[in-house]
Amino acid sequence: MAVVTYIEAITKGLWEEMERDSSVFLLGEDIGEYGGAFKATKGFLNHFGSDRVIDTVLAESAILGAATGAALVGMKPVAEIQFADFVTSGFNQLVNNSATMHYRWNIPVPMVVRLPSGAGIHGGPFHSRNPEAWFFHQPGLKLVAPSTPYDAKGLIKSAIRDPNPVLYFEHKRLYRHIKGEVPEDDYTVEIGKGDIKREGNDISVVTYGATVHQALEAAELLEKEDGVSVEVLDLRSLMPLDKDLILDSVRKTGKLLIAHEDNITGGIGGEVAALVAEFAFENLDAPIKRIGAIDTPTPYSPTLEEFFLPNKNKIVAALRALAAF
Amino acid sequence: MATATLKKESKEEKSHRWKELGLSNAKVIDLYRQMLLIRRFEERSAQEYGKSKIGGFCHLYIGQEAVGVGAIAALRDDDYIFSAYRDHGHALARGMDPKGIMAELFGKFTGCSKGMGGSMHMFDASRGFMGGYGIVGGHVPLASGTAFGSKYLGKDSVTVCFFGEAAANQGVFHETLNLAALWKLPVVFICENNRFGMGTAVERSTAVWDIYHKASAYDMTRQWIDGMDVLEMYRVVKQAVDRARKSNEPTMLEARTYRFRGHSMSDPIHGHYRTKEEVEEQKRSDPILVFGHELLEAGILAQKTIDEMELEIKRIVAESVEFAERSPEPPADFLYENVYV
């Protein structure tokens, strides 16, 4: 198996699906000649041509609306929003149009929106967001957020093949910092299924995206220094949420830490906490704890950004507090 | 601003104008019939709304019938249509079953959207009727998507997108026109300028009152049409559709029209934003009345035929109401059925 970076895994998945199905096409700002702001689609224009790799105008409503319309007539568009933050300009298209087509008319909308998201790259307030919670609240959309190259490739392929609109949150900080083994052959990762990235018996950490890696480091440290066994559950898919996997893990460990990079209030962690409180309350040996970015916009200052974001040390502290119960 | 007025043409010229368009007598009589069906269907809808059989929001097309009927008559069966929130007329003009439309208004399971949408959500993919949409201007970019799909798939279907003059102030309208011009998409944008975005007159909402001029920013072929004249609508839309089909050239049309009823069912026909006199004056251009006269004078339609047509339409509309009345409510478990594929 080849070892590739997270972004290379996304690229491979896109490439294979483009080869596999001629109704798949890419559109977005600077994805063709420029190769994408993060170079995810470098080389695509030469290979697939300008009919299928389309540099769009800088207009997110037009991009997402055109993608939705094309999906209505059987195309499989993959739209890149250059930075996930910019999706705000096309919000209406996703939540009112794409998300409700099938509900209203029983017509599938097989489209994917790629959303490079996340902080930790000193992008400041408008280039660091984790906007998944805005869409988590909208029935009709599916949301995925891979943390590893394996999941990144498997999920982009599943997203493209899914008949529903799928929002694909790819974390910018992982692009070139995370490598992993990825099979050369055709495989998919099922949307709606989480993954136990590390088994453990004492505390469950439910997490996704870049925070998975911090949780894994924290779990190693706790094992070594405290002898506490921490399970790390990577949601991978935010909608649908793998409720059974979450509940099974908490029923086993009796303690839950939820960690995500999005800020705490109104974040997806709140829904996970409610789920566990409602259906596994009697299994809990300690209060549910949550870790996330603090409730402010994302600061540019690298020093403050570090303070703002969750990290290994914060997760370690929270785990130790839970272990003490 | 120049509002739609009657063409001052001689009787002789008028009696020949559909021939020049290649339309048979039977076809123009059918256009008249379609407008009449829309009018009577919606008058009945208003009554049913008054009886609380129809709830929520309901926007009537009364006064604007010539726009939809003339434009849609210029399309092929494999063309696509997007409508906005005033969509009953477009749906009927596209040949959708009045029963399914009335049942949707009643919120019944037999409605064309199974009662999940209501007045603003008529839809029939089998007729290329890609729906009504309730967010002003929000549907406009979808038209560029279907047009792109047609071009990509090598089909020569054309997409027509209806919207009001208020929608032309939305940013996404401009984004889409730019995209359509840049990508050379087979799409025709039809702005139905009925002069009021709800209660705000175009002069109070829009810096450029001639809406079609907005397309000049994208170097797009553009013109205004007398939207009270069904044959003018047919003639100009046909040209635009042919151009789109042949050379993938988009067009922006502004149909100048007028709505005779309130914005929705909850506001009066006239009042604070327009006078009774203005509405009465505009009603002299009633597209059905004027076209009916033209056909009568040309001798291809008799009053007796109109009377028979009225009776037949009355029956069709009554049957649609009976159908809606009899139809079941959507079952509660259907709520979850179509959220995802």
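This is a predicted model: local features need pLDDT of at least 70, side-chain atom pairs count only at pLDDT 80 or more; totals for chains, interfaces and linings use all residues.
A residue counts as buried when its relative accessible area is under 20%. That cut-off places B:Glu48, at 0% relative accessibility, among the buried residues.

The partner of B:Glu48 in a salt bridge is B:Arg44, with the closest N and O atoms 2.9 Å apart. Both residues belong to helix H2 of chain B, which covers residues 25–50, and they sit four residues apart, about one turn of the helix. In contrast to the buried B:Glu48, B:Arg44 has a relative accessible area of 22% and is therefore partly exposed.

Over all chains, the structure holds 45 salt bridges. In general terms, side chains of opposite charge can pair when their charged atoms come close. One of these contacts joins B:Asp229 to B:Arg17, where the closest N and O atoms are 2.8 Å apart. B:Asp229 is found in the loop between strand S6 (221–226) and helix H9 (230–247) of chain B, while B:Arg17 is part of helix H1 (residues 11–20) of chain B, so this pair ties together parts that are 212 residues apart in sequence. B:Asp229 has a relative accessibility of 9% and so counts as buried; B:Arg17, at 11%, likewise counts as buried.

Another contact in chain B links B:Asp210 and B:Arg256, whose closest N and O atoms are 2.6 Å apart. Here the loop between helix H8 (202–205) and S6 of chain B contributes B:Asp210 and strand S7 (residues 251–256) of chain B contributes B:Arg256, so the pair ties together parts that are 46 residues apart in sequence. With a relative accessible area of 24%, B:Asp210 is partly exposed, whereas B:Arg256 is buried at 3%.

Attention now turns to the strands of chain A. Strand S13 of chain A spans residues 256–263, and seven of its eight residues are buried, so this strand is largely enclosed by the rest of the structure. Strand S10 of chain A (residues 203–207) pairs with S13(A) in the parallel sense over four bridges, and A:Ile258 of S13(A) is the bridge partner of A:Val206. S13(A) also pairs in the parallel sense with strand S14 of chain A (residues 289–293), again over four bridges. In that pairing, A:Asn263 has A:Ala293 of S14(A) as its bridge partner. From S13(A) the chain crosses through helix H10 of chain A (residues 268–279) to S14(A), and this β-α-β crossover is right-handed.

The last feature to consider is empty space. Rolling a probe the size of a water molecule over the atoms shows where such space is left. The largest pocket has a volume of about 330 Å³. It is lined by 24 residues, and those closest to its centre are B:Ala84, B:Tyr85, B:Arg86, B:Val136 and B:Gly164. Strands S2 (159–164) and S4 (196–197) of chain B each supply at least two residues of the lining, with the largest share, three residues, coming from S2(B). Sorted by class, the lining comprises ten nonpolar, eleven polar and three charged residues.

Key:
Residues are numbered from 1 along each chain as its sequence is written. Chains are lettered from A and ligands numbered from 1 in the order in which they are written. Side-chain values use heavy atoms; hydrogens and water are left out. On a 1 Å grid over the protein atoms alone, a cavity is a set of points where a 1.4 Å probe fits but cannot get out, and a pocket is an open set with protein on both sides within 12 Å along at least five of seven lines; lining residues have an atom within 4 Å of a point. Grid points are joined across faces, edges and corners, and a volume is the space filled by probe spheres set on the points. Ala, Val, Leu, Ile, Met, Phe, Trp, Tyr, Cys and Pro count as nonpolar, Asp, Glu, Lys and Arg as charged, and the others, Gly among them, as polar. Buried means under 20% relative accessible area, exposed over 50%, partly exposed in between (1.4 Å probe, protein chains only). Two strands pair if DSSP finds at least two bridges between them. A crossover is right-handed if, with the strands pointing away from the viewer, the path from the first strand over the helix to the second runs clockwise. A salt bridge is a side-chain nitrogen of Lys or Arg within 4 Å of a carboxyl oxygen of Asp or Glu.
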